[in-house]
Amino acid sequence: SGINAEYGQKGIESYDYVLDNYGEAISDAAAVVEAGLSETAIAEARAIGARHENEFNCVATVYQSSGINAEYGQKGIESYDYVLDNYGEAISDAAAVVEAGLSETAIAEARAIGARHENEFNCVATVYLDNQPD
């Protein structure tokens, strides 16, 4: 059915409702389940949970800030891929020239911002592409 802003917002509201009203009960149930699991199983389950929470938070942030819908999401992915394919090398070359004039602190801050934006984009792209209609 594709992702759109209305369904995204309803998902966010549902998640918040469940967390607000049942978060403590869910945590208690998780503690009971964990008591019967190995440390490895607990670590794996927590890693999966953290990954899903990060993906949800990423998508929720994008939905809330931009009202993303399927059409715009697809156009954004296509635009990003086009720019990367056609101008990626030139952008990297320009970045190297700019970096040459920056302090190590400024370079680190710029790279951190770039990495955050890339992670957000990749998260949204993955969720969007994984939820395309058949």
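**The pocket, the helices and the ring pair**

Author: The largest pocket has a volume of about 390 Å³, a volume being the space filled by probe spheres set on grid points joined across faces, edges and corners. The closest to its centre, of the 13 residues that line this pocket, are L19, I26, A30, G49 and E53. The model is predicted: local features need pLDDT of at least 70 and side-chain atom pairs pLDDT 80 or more, while totals for chains, interfaces and linings use all residues. Residues are numbered from 1 along each chain as its sequence is written, and side-chain values use heavy atoms, without hydrogens and water.

Reader: What makes a set of points a pocket, and a residue part of its lining?

Author: On a 1 Å grid over the protein atoms alone, a pocket is an open set with protein on both sides within 12 Å along at least five of seven lines, and lining residues have an atom within 4 Å of a point. By class, the lining of the largest pocket has seven nonpolar, three polar and three charged residues. Helix 1 (5-35) and helix 2 (39-66) each supply at least two lining residues, and the largest share, eight residues, comes from helix 1.

Reader: Which pattern does the protein follow along the sequence?

Author: The pattern is α-α-α-α, with four helices and zero strands. Helices (H or I, at least four residues) and strands (E, at least two) are DSSP runs, numbered from the N terminus.

Reader: Why is the pair of Y82 and Y87 called edge-to-face?

Author: Rings of Phe, Tyr and Trp (its six-membered ring) pair if their centres lie within 6.5 Å; planes under 30 degrees apart count as stacked, over 60 as edge-to-face and the rest as tilted. By this rule the count comes to one aromatic pair. The ring centres of Y82 and Y87 are 6.2 Å apart and the planes stand at 70 degrees, so the pair is edge-to-face.

Reader: Why is E55 called partly exposed?

Author: Buried means under 20% relative accessible area, exposed over 50%, and partly exposed in between (1.4 Å probe, protein chains only). E55 has a relative accessible area of 27%, and is therefore partly exposed. E55 is found in helix 2. Y82, at 48%, is likewise partly exposed, as is Y87, at 43%.

Reader: How confident is the predictor, in terms of mean pLDDT?

Author: The mean pLDDT of the protein is 74, and 76% of its residues reach 70 or more; pLDDT is the predictor's confidence in each residue, from 0 to 100.

Methods: 1 Å grid on protein atoms, 1.4 Å probe; cavity = no way out; pocket = protein on both sides within 12 Å on 5 of 7 lines; lining within 4 Å. Nonpolar A, V, L, I, M, F, W, Y, C, P; charged D, E, K, R; others polar.
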